[in-house]
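Subject: Structure handover

Hello,

Here is the structure you asked to have passed on. Please open it alongside this email; my notes come after it.

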Amino acid sequence: MSELTLTVMRLGFLAVLWLFVIVAVQVIRSDLFGTRVTQRGSRRENARPQQAARQAAPPQQRGQQPAASGGRRGRNAPTKLVVSEGTLTGTTVALQGQTITLGRAHDSTIVLDDDYASSRHARIYPDRDGQWIVEDLGSTNGTYLDRNRLTTPTPIPLGAPIRIGKTVIELRK
Amino acid sequence: MSSTTNTSTQHTSTIGAIGAPSRRNTELALLVFAVVIPVFAYANVGLAINDQVPTGLLGYGLGLGLLAGIGHIVVRKFAAYADPLLLPLATLLNGLGLVFIWRLDQSERLQNLAESAYGVFTPSAPKQLLFSALGLALFVAVVVFLKDHRILQRYTYISMAVALVLLVLPLVPGLGDDTFGAKIWIRIPGVGTIQPGEFAKIILAIFFSGYLMVKRDALALASRRFMGLYLPRGRDLGPIITIWAVSLLILIFENDLGTSLLFFGMFVIMLYVATERTSWIVIGLLMSAAGAVGVASFAGHVQARVNAWLDPWSCYENSDACYQIGQSIMSFGSGGVLGTGLGQGNSDLIGFAANSDFIFSTVGEELGLAGVMGILLLYGLIIERGVRTALAARDPFGKLFAVGLSGAFALQIFVVVGGVMGLIPLTGMTMPFFAAGGSSVIANWALIGLLLRISDTARRPAPAPAPNPDAEMTQVVRP
């Protein structure tokens, strides 16, 4: 066998061996950083705009949406709800004029995995002017807006923390 | 406002635990890679030695592929969430080991040596392939029949007894086989020789983890502080003294430096992990140093090894031990950085045990520093996955067991590689998966099987919580 072939095979073998090591290390790396928080809601909507449009507006809300988008959607109108503490940290929900319910019940918009939350804990909805309101639904441990326990439906300032059990959410632009 | 659910579900990220991927497909891809590399090496050796692609190439490739495939299917079925790297790494090392053994079988020097010593030369590679198949069978048996590693915890003291019996067996007259200076084999008529120490390694790890899991608090907390070290009470020191004495006895009666170092080291590692006390490491190192010095000054066999380690060139001409070490060091040296190429080295000059204890010298000569580092990294990755499994395991027994197994694996590699490179005195141990030796291959496949089982338990996502949270009571915050 020619000298050249053997040299090429020798170096080739070392290269392949090291390639295996590198691939294995890559597998470990993907193992370490294996969990990603994805905003599934928004992505799905982008992917299927038609379906989203079809489902977007049940009759009752049709009247609200122009108001929300037209009237008060100024500079300070929040566009998304962000969970900033708790097991769901990083979850965002786009605000499009729909009511968001929070609680441990499965049909809640945000299902809280939190022992200190009630089944139907609170809801967040826009009023006629498009101002977002948070209302406690008679929960056991109460809902706090900026350390104050809610007793009546209250408008939410931008960025104010709403605490439910161990979960904190806020509205952002 | 109840009509909002329709809209809202669309934007919801109902987040539970993100489903942990089982990563079986990654494993399969790596396995294919791990089978292709040894086949390439095999062809390379054949071309270099005989100027032709070896005739057994297809059979070898299919055989290795079949073994890997069976292993993969069994893991996919019975341990779906197990670590994706352990099986490919072990397959690659085993496959490369087979190639190197076959390469040394082709050496005329070794053939002549065997003919002059035993009258007949029998190639080791076919035997090793058979042992690999047996090892894989044991691996499959472990993965299939051991549903949960915690079952082993019930056999803590039984495994201690079994391990001691296994260690003593080579000393039993008529059963022991004292061929190569160390009494670590037993001869079973009709089957061949078995090295019970390899299996005792795994069984002792069961005992150590079961024992330490129960005693760790006593060992960690009931201690006196002395010169910055936490010294344990005498009665807690008992077990470590016992293990030390047993390992010394092995050393004295069986002339087996490696095994005794392995057991004692494994115990100290597990003790340290269980108690988090640095003092155990200091005590362990002192005790093993004392034991080694004591034995080295009495036992002739060990003394020769130490002399060969200190200065192989002074006794190069008249001592086999020195000659082998010298040749091994020269192998590494002549390999250089990139090696001479597979099948083109002269590591067969080592002579006796070239394909078992000294197989790593062939790697050093023919693959060079780059190859040695690659192979050592493969071993390092196995150990890393073992320790990672221990970190991920949720039960203390599984944690200690995984640490013990990977620690023993690491120590064994250190002892062998350090020995052939002249870093520490040579001890007759086998390179896991690489060296010719049935017991070693079989036992190490079982070890990989156990690690896979523990990692499957550790990485498997927790079962779904109670389905109806509505029924659960909300906890009340008490100020």
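The notes below go through chain A and then chain B.

Please keep in mind that this is a predicted model.

Chain A: the sheets

Chain A has an open sheet of six strands, in the order β2-β1-β11-β10-β7-β8, with antiparallel pairing. Its edge strands are β2 (92-94) and β8 (148-149), and each of these pairs on one side only. At the β8 end, β7 (residues 143-145) of chain A runs antiparallel to β8(A) and is joined to it by two bridges. To find this pairing in the viewer, look for A:Y144, whose bridge partner in β8(A) is A:R149.

Another open sheet in chain A has five strands in the order β4-β3-β5-β6-β9, and here the pairing is mixed. β4 (110-111) and β9 (154-155) of chain A each have a single partner strand, so one side of each has no neighbour in the sheet. The partner of β9(A) is β6 (residues 132-136) of chain A; the two pair in the antiparallel sense over two bridges. Within that pairing, A:I133 has A:P155 of β9(A) as its bridge partner. As a reminder, strands of a sheet pair through backbone hydrogen bonds, either parallel or antiparallel.

Two aspartates with positive phi

Most residues other than glycine have a negative phi. A:D146 is not a glycine, yet its phi is positive, at about 55 degrees. A:D146 sits in the loop between β7 and β8 of chain A. Is A:D146 buried or exposed? A:D146 counts as exposed, because it has 11 C-beta neighbours inside 10 Å and the cut-off for exposed is 12 or fewer.

In chain B, B:D51 also has a positive phi without being a glycine, in this case about 65 degrees. B:D51 is placed in the loop between α2 (24-50) and α3 (57-78) of chain B. With 9 other C-beta atoms within 10 Å, B:D51 is exposed.

Chain B: overall and one helix pair

Chain B has 16 helices and five strands. Of its 479 residues, 49% are buried. Taking contacts in chain B between residues at least 6 apart in sequence, 71% join residues at least 24 apart.

One helix pair to look at is α6 (residues 125-145) and α16 (residues 438-459) of chain B, whose axes come within 8 Å and cross at roughly 25 degrees. Angles under 35 degrees count as roughly parallel, and α6(B) and α16(B) are therefore roughly parallel to each other. The crossing of α6(B) past α16(B) is right-handed. Residues making the contact include B:F131, B:L134, B:L138 and B:F139 of α6(B), and B:V441, B:I442, B:W445 and B:L452 of α16(B). Sorted by class, the contact has 14 nonpolar, four polar and one charged residues.

Chain B: one buried threonine

B:T275 belongs to helix α10 (residues 257-275) of chain B. B:T275 is buried, as 22 other C-beta atoms lie within 10 Å. Which residues is B:T275 in contact with, leaving aside its neighbours within four places in sequence? They are B:R216, B:L219, B:A220 and B:W280. B:A141, by comparison, is 134 residues from B:T275 in sequence and 33 Å from it in space, C-alpha to C-alpha.

Regards

Terms used: Residues numbered from 1 in each chain as written. Chains lettered and ligands numbered in written order. Predicted model: local features only at pLDDT ≥ 70, side-chain atom pairs only at ≥ 80, totals over all residues. Pairing = 2+ DSSP bridges. Helix = DSSP H or I, 4+ residues; strand = E, 2+ residues; numbered from the N terminus. Buried ≥ 20, exposed ≤ 12 C-beta atoms within 10 Å, placed from the backbone. Contact = placed C-beta atoms within 7 Å. Axes fitted to C-alpha atoms, helices over the stretch in contact; angles between N-to-C directions. Parallel < 35°, antiparallel > 145°, perpendicular 65-115°, else oblique. Left-handed = near helix turned anticlockwise from the far one by under 90°. Nonpolar A, V, L, I, M, F, W, Y, C, P; charged D, E, K, R; others polar.
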